[in-house]
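Subject: A structure for you to look at

Hi there,

Here is the structure I promised to pass on. Please open it next to this message, and then read through my notes below.

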Amino acid sequence: MTDPIADMLTRIRNAITAHHETVEVPGSNMKRAIAAILLEEGYVKNVENVEDGLSGKIVITLKYAEGNKSVISGLKRVSKPGLRSYSGAEKMPKVLGGLGTAIVSTSKGIMTDRQAKAANVGGEVLCFVW
């Protein structure tokens with residue numbers, strides 16, 4: 001697999017379209033960090049790490065509002081293996097005018113665009129969530 005983060009986002013997107021309660025993603029440290037950000041920003045209900053003897057699995061419980069409408073209305077991979085996208089702290093991209101969240105990989109770890117701006121660090125813009 002060339003892009004495991006894009007695979008994770010696609011699995012979440014497909015599970016939302018099919019109105020599934022949970023989605024299972026193969027584990028890695030970066031995916032765990034992204035899932036933790038989705039949890040702390042309120043986009044998902046729960047994130048559980050399941051050990052299977054290999055790299056483990058991440059079970060993400062999706063969050064739905066009234067009318068069975070998903071809290072996540074969009075996920076977009078920004079920095080791809082063929083075309084990396086970097087941003088400085090002062091030029092951090094805004095998602096939907098500040099309503100969404102950009103997830104950034106910095107030298108201080110994976111964080112949201114707001115946290116990166118507050119810490120005055122730039123990095124690779126991994127994805128947008130809104």
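A word on the basis first. This is a predicted model, in which local features need pLDDT of at least 70 and side-chain atom pairs count only at pLDDT 80 or more, while totals for chains, interfaces and linings use all residues. Residues are numbered from 1 along each chain as its sequence is written, and side-chain values use heavy atoms, with hydrogens and water left out.

**Helix α1**

Helices (H or I, at least four residues) and strands (E, at least two) are DSSP runs, numbered from the N terminus. Helix α1 has 14 residues and reaches 20 Å from its first C-alpha to its last, close to the 20 Å expected at 1.5 Å a residue; that expected span is 1.5 Å times one less than the number of residues. The buried residues of α1 are Ile5, Asp7, Met8, Leu9, Ile12, Ala15 and Ile16. Here "buried" means under 20% relative accessible area, "exposed" means over 50%, and "partly exposed" is in between (1.4 Å probe, protein chains only). The cover over these α1 residues includes β1, α2, β3, β4 (75-77) and β8 (123-129). After α1 comes His19, with a positive phi near 55 degrees.

**Salt bridges**

The structure holds six salt bridges, each being a side-chain nitrogen of Lys or Arg within 4 Å of a carboxyl oxygen of Asp or Glu. One of them joins the side chains of Arg11 and Asp7 (3.0 Å, N to O). Arg11 and Asp7 are four residues apart in helix α1 (residues 4-17), so about one helical turn separates them. Arg11 is partly exposed, at 32% relative accessible area.

Another links Glu24 and Lys57 (3.5 Å, N to O). Glu24 sits in strand β1 (residues 22-26) and Lys57 in strand β3 (residues 57-62), so this pair ties together parts that are 33 residues apart in sequence. Glu24 is partly exposed at 43%, and Lys57 is partly exposed at 32%.

A further salt bridge is formed by Arg114 and Glu41 (3.6 Å, N to O). Arg114 belongs to helix α3 (residues 113-119) and Glu41 to the loop between α2 (29-40) and β2 (44-50), so the pair ties together parts that are 73 residues apart in sequence.

**Strand β1**

Which residues of β1 are on its covered face, and which on its uncovered one? Val23 and Val25 are covered, whereas Thr22, Glu24 and Pro26 are on the uncovered face. In a regular strand the side chains alternate between the two faces of the sheet. β1 pairs with β3 in the antiparallel sense over five bridges; two strands pair if DSSP finds at least two bridges between them. Within this pairing, Glu24 stands opposite Val59 in β3.

**Helix α2 and some backbone angles**

The buried residues of α2 are Lys31, Arg32, Ile34, Ala35, Ile37 and Leu38. Just after α2, Gly42 has a positive phi of about 85 degrees.

Most residues other than glycine have a negative phi. Asn68, though not a glycine, has a positive phi of about 55 degrees; Asn68 is in the loop between β3 and β4. Asn120 also has a positive phi, near 60 degrees, and is in the loop between α3 and β8. Asn120 is exposed, with a relative accessible area of 57%.

Terms used
Contact = heavy atoms within 4.5 Å.
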